Amino acid sequence: MELNEEQYERIAQALDGRQVELTDEERQTMACIVRDEDWFGRTAHAAAPARAMGKAAASIRVALHGRTRIVRIIANVSAAAAIAAVLVLGIMMLIDLGRPVPVAPGSQGIPVAQLEKFIQPGEHQAPIKLLSMDLDRFEADVALMNMPESQASPVKNKLDSLENELDDFLLKNS
Amino acid sequence: MEEKPSAAAISQAQTGRAEGFEELLKRYGQRLFGYFLRATGSYHDAEDLLGEMTLRLVRQIKSYDDHGRFEPWLFRIAANLVRDRIRRRKANPTRLSLSAEDESGQSLADDLPDRPSDVADGLMAREMSHKLQQAMNELDETTRNMILLRHFGGLSFKEIADTFDCPLGTALAKVHRGLTTLKKRLEGHKQEIIAEMM
């Protein structure tokens with residue numbers, strides 16, 4: 001007997017466990033399908049040999065081990081990259097500390113006294129003081145360049161005297 | 001066939017624990033092997049695909065949504081593996097091992113349980129298994145896969161229809177006609193085998 005699409009659909013719903021009203025013809029077909037499925041199940045049975053199951057179990061262990069290893073490698077690489085980044089940053093900061101920072105026109109310079117608060121007195125105190133003086137002078141030069149002529153001469157005088165003091169200091173410590 | 005998958009095994013597997021995967025393999029390994037064997041007709045391919053399946057399972061288990069049924073999800077992966085294997089085989093045709101021994105010295109018939117107490121029945125079963133495989137290979141790929149996913153994967157007809165993107169009635173009609181064809185072919189072979197054994 002040949003059923004139409006709708007009839008097959010109702011039978012499929014019934015086979016899937018839904019409550020469906022079936023005609024006698026549909027019920028017969030459903031019973032036939034159930035019998036055929038049972039027959040197929042008995043005929044198509046194929047047991048997996050122990051070797052195949054053993055190989056599959058081994059694949060699981062290999063796959064899991066591989067994943068753990070990959071995760072560990074990624075973690076190690078990430079950690080190494082982070083350490084390298086910190087090192088590079090540190091080196092860059094050290095380089096930057098040793099370089100005089102240009103001061104924007106009009107901004108306040110760091111007075112020597114304030115610098116000395118942060119720097120422990122010791123054997124490098126003299127060169128640091130010199131460096132600070134140098135910075136002050138550089139800042140003053142920049143400020144002078146932006147200053148009207150009338151205000152500039154007292155500052156220039158002050159700078160000249162500072163320069164003299166610096167020369168004296170260098171002579172004493174040479 | 002309607003055994004419930006262990007939620008604990010699935011969640012263990014999802015956290016990458018070997019016990020979870022081993023439990024899933026214990027529960028579904030036989031059915032997956034049967035599916036691969038009947039879908040490819042090759043013992044060697046079935047063994048190989050079962051190994052590949054476990055690798056896929058390890059990779060994809062996290063994508064399994066707990067709300068859906070596990071079996072359709074699992075057997076869809078298996079069906080994709082079979083489809084890829086068949087495509088590759090079509091691109092590089094090699095011999096099939098239906099009754100002849102393959103590279104590992106196994107044949108399709110070798111997997112059947114030995115029943116030395118009844119040699120005639122054993123021979124009949126082996127021969128029928130071989131003939132079934134031949135008959136299955138003559139079915140179109142969709143029908144064959146529907147029948148196999150229904151039997152080994154325990155898929156409902158609704159799930160089969162969704163998997164093959166076809167109406168529910170069409171899915172059942174294909175399975176019904178496919179099973180009828182197989183049964184007719186095998187009944188004919190059975191008479192021949194009985195006559196040969198007499």
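Predicted model: local features only at pLDDT ≥ 70, side-chain atom pairs only at ≥ 80, totals over all residues.

Residues are numbered from 1 along each chain as its sequence is written, chains are lettered from A in the order in which they are written, and side-chain values use heavy atoms, with hydrogens and water left out.

**Interface of chains A and B**

- In chain A, 36 residues are in contact with 47 residues of chain B, contact meaning heavy atoms within 4.5 Å.
- The two chains bury about 3,800 Å² between them, 66% of it on carbon and sulfur atoms, where buried area is the accessible area (1.4 Å probe) lost on being put together, summed over both parts.
- On the chain A side, W39(A), F40(A) and I60(A) lose the most area to chain B, together 17% of what that side buries.
- Between the chains there are 6 salt bridges, each a side-chain nitrogen of Lys or Arg within 4 Å of a carboxyl oxygen of Asp or Glu; D36(A) forms one with K183(B), the closest N and O atoms being 3.1 Å apart.

**Second largest cavity**

- The second largest cavity has a volume of about 50 Å³, a cavity being a set of points on a 1 Å grid over the protein atoms alone where a 1.4 Å probe fits but cannot get out.
- Its lining, made of residues with an atom within 4 Å of a point, includes L24(B), Y28(B), M53(B) and F70(B).

Definitions and conventions:
1 Å grid on protein atoms, 1.4 Å probe; cavity = no way out; pocket = protein on both sides within 12 Å on 5 of 7 lines; lining within 4 Å. Points joined across faces, edges and corners; volume = space filled by probe spheres on them.
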